[in-house]
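Dear colleague,

Please find below the structure for your review. My notes on the findings follow directly after it.

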Amino acid sequence: MSYVDGFVCAVPVENRQKYIDHALFAARKFKELGALQVVECWGDDVPEGKLTSFRMAVKQEESEAAVFSWVVWPSKEVRNAAWQKMMEDTEMAGTEMPFDGKRMIYGGFEQVVEV
């Protein structure tokens, strides 16, 4: 089965186009390194929770939007090799993220079911 990297972050609304440009750049790199799919979603209906929520998890401020994204890889091995190459990529190192990366939530997930 595939392997999926998932991300949630808070992006200043004024940086929407900068985020899209950054996401397209990163997606091109991911695809060059074997990613099957890259999906970026801008929060539209993200409710505030009482105990937990996307907004709470990334400490989203009023001037920000929640972003939910994922990258699908054919395997964990392909993903691990790709991430190693991304970390060594000088072009990637020179990019500035248009959001506070310290508040980004990230995780790798083994796909167990596909319907």
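Where is the place of Lys59? Lys59 sits in the loop between helix H2 (54-57) and S3, where helices (H or I, at least four residues) and strands (E, at least two) are DSSP runs, numbered from the N terminus. Lys59 has a positive phi of about 50° although it is not a glycine. Its relative accessibility is 60%, so Lys59 counts as exposed; the classes are buried for under 20% relative accessible area, exposed for over 50% and partly exposed in between, with a 1.4 Å probe and protein chains only.

On provenance, this is a predicted model, in which local features need pLDDT of at least 70 and side-chain atom pairs count only at pLDDT 80 or more, while totals for chains, interfaces and linings use all residues. Residues are numbered from 1 along each chain as its sequence is written, and side-chain values use heavy atoms, with hydrogens and water left out.

The largest pocket

Rolling a probe the size of a water molecule over the atoms shows where empty space is left. The largest pocket holds about 450 Å³ of space. A pocket here is found on a 1 Å grid over the protein atoms alone, as an open set of points where a 1.4 Å probe fits, with protein on both sides within 12 Å along at least five of seven lines; lining residues have an atom within 4 Å of a point. Grid points are joined across faces, edges and corners, and the volume is the space filled by probe spheres set on the points.

The lining of the largest pocket consists of 21 residues, and His22, Phe30, Trp83, Met92 and Met97 lie nearest its centre. Two or more lining residues come from each of strand S1 (3-12), helix H1 (16-32), strand S2 (37-42), strand S3 (64-73), helix H3 (76-88) and helix H4 (90-93). H1 gives the most, with five residues.

Helix H1

The 17 residues of H1 should span 24 Å at 1.5 Å a residue, and the end C-alpha atoms are 24 Å apart, which agrees; the expected span is 1.5 Å times one less than the number of residues. The buried residues of H1 are Tyr19, His22, Ala23, Phe25, Ala26, Ala27, Lys29 and Phe30. An α-helix has 3.6 residues a turn, so residues three or four places apart point the same way. The cover over the buried residues of H1 includes S1, S2, S3, H3 and H4, with contact meaning heavy atoms within 4.5 Å. Just after H1, Gly34 takes a positive phi of about 115°.

Aromatic pairs

The model has eight aromatic pairs. Rings of Phe, Tyr and Trp (its six-membered ring) pair if their centres lie within 6.5 Å; planes under 30 degrees apart count as stacked, over 60 as edge-to-face and the rest as tilted. The ring centres of Tyr19 and Trp42 are 6.4 Å apart with planes at 55°, so this pair is tilted. Tyr19 belongs to helix H1 and Trp42 to strand S2, so the pair ties together parts that are 23 residues apart in sequence. Tyr19 is buried at 6% relative accessibility, whereas Trp42 is partly exposed at 23%. Separately, Phe7, Phe30, Trp73, Trp83 and Tyr106 form one aromatic cluster.

Val67 lies in strand S3 and is buried, at 1% relative accessibility. Leaving out residues up to four places away in sequence, Val67 touches Phe7, Val8, Cys9, Val11, Tyr19, Glu40, Cys41 and Trp42. Ala65 is also placed in strand S3 and is buried, with a relative accessible area of 7%. The C-alpha atoms of Ala65 and Pro12 are separated by 6.3 Å, although the two are 53 residues apart along the chain.

Ser2, in the segment before S1, counts as buried at 15% relative accessibility. Ser2 and Val113 are 111 residues apart in sequence and 9.6 Å apart in space, C-alpha to C-alpha.

Kind regards
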